Amino acid sequence: MTAIFVHGVPETSELWDEVRAVLNAGSVALRLPGFGCMVPNGFTASKDGYANWLADEIRHFEAPIDLVGHGWGGLLCVRVSGMLDSKVRSWTIDMARALHPDYVWNRVARTWQTPGAGEEWMEAALRAGASGPVSTAQRLRVLGIPSQQAESMASAHDETMSRCILGLYRSAIPNVSADWGASLARPTGMPGLVLFPSADPFDHEALSRVVAARLGARIERLEGLGHCWMTEDPGRSAGVLRRFWSSLSDP
């Protein structure tokens, strides 16, 4: 079994370092194109572009594969799980509410989706460097990522990442469900786990439960943890994943 971890926005694969170290098992953390790495030739920064890229990456690994995604990474994991049911054994995501047809993006995301305003936001973040209220590092710290790790991830924020973020969010207006809803309106047919961190200001338990039921997934409440639960308590987070994966082999 290989666990494949997929980060969100505006993060990098370093998000998963502590959890993977605790798991001490076969795993890989993928880095989305443009997030501190090169963008492949011909790549389009959109939700479909990233989903197709992720599906191609997963095909390089031997089955069975357990997907784990955070934020946008989770949305992509659910999307590709239906495309690769012969390789993927299970998926685990957070922020399931973003798959609900009534989901409304948060204020910053709506700014990114607005031509002109999004570019100005990104330029201000790049000018701020590692400090200031609009810096990428500060935004990551507010989300619960330790300062040193936040600054390391923020160092990957450049003009390429800015363009990729804007393209990704602008491909999901009014929300992800508007285009992907038909494929997400029924159980995926494979085991899924929806995590709900109770202290995440961006999540909504009732909507996440609706989505979990629609996808035929289990849901587990992470009491007291926030948006970046995997960095807030890596040991507890790893334990949740271990228990879920162990249950898949039960008769």
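User: In which loop does Pro10 lie?

Analyst: Pro10 lies in the loop between strand S1 (2-6) and helix H1 (17-23). Helices (H or I, at least four residues) and strands (E, at least two) are DSSP runs, numbered from the N terminus. The model is predicted: local features need pLDDT of at least 70, side-chain atom pairs count only at pLDDT 80 or more, and totals for chains, interfaces and linings use all residues. Residues are numbered from 1 along each chain as its sequence is written, and side-chain values use heavy atoms, with hydrogens and water left out.

User: What makes the peptide bond from Val9 to Pro10 cis?

Analyst: Omega for the bond from Val9 to Pro10 is near 5°, and the bond is cis. A cis peptide bond also joins Ile173 and Pro174, with omega about 0°. Pro174 lies in the loop between helix H8 (159-170) and helix H9 (177-184).

User: Why is Asn24 called exposed?

Analyst: Exposed means over 50% relative accessible area, buried under 20%, and partly exposed in between (1.4 Å probe, protein chains only). Asn24 has a relative accessible area of 69%, and therefore counts as exposed. Asn24 sits in the loop between H1 and strand S2 (27-30), and has a positive phi of about 50° although it is not a glycine.

User: Is Met95 buried or exposed, and how do you know?

Analyst: The relative accessible area of Met95 is 6%, under the 20% limit, so Met95 is buried. Met95 is found in the loop between strand S4 (88-93) and helix H4 (107-112). Its phi is near 50°, a positive value in a residue other than glycine.

User: How do you know whether the radius of gyration of the protein chain agrees with that of a compact globule?

Analyst: The radius is taken over C-alpha atoms, and the globule rule is 2.2 Å times the number of residues to the power 0.38. For 251 residues a compact globule would have a radius near 18 Å; the protein chain has 17 Å, so the value agrees. The C-alpha trace spans about 55 × 35 × 35 Å along its principal axes. Buried residues make up 53% of the 251 residues.

User: What share of the contacts in the protein chain with a separation of 6 or more comes from residues 24 or more positions apart?

Analyst: Contact means heavy atoms within 4.5 Å. Residues 24 or more positions apart account for 71% of the contacts with a separation of 6 or more.
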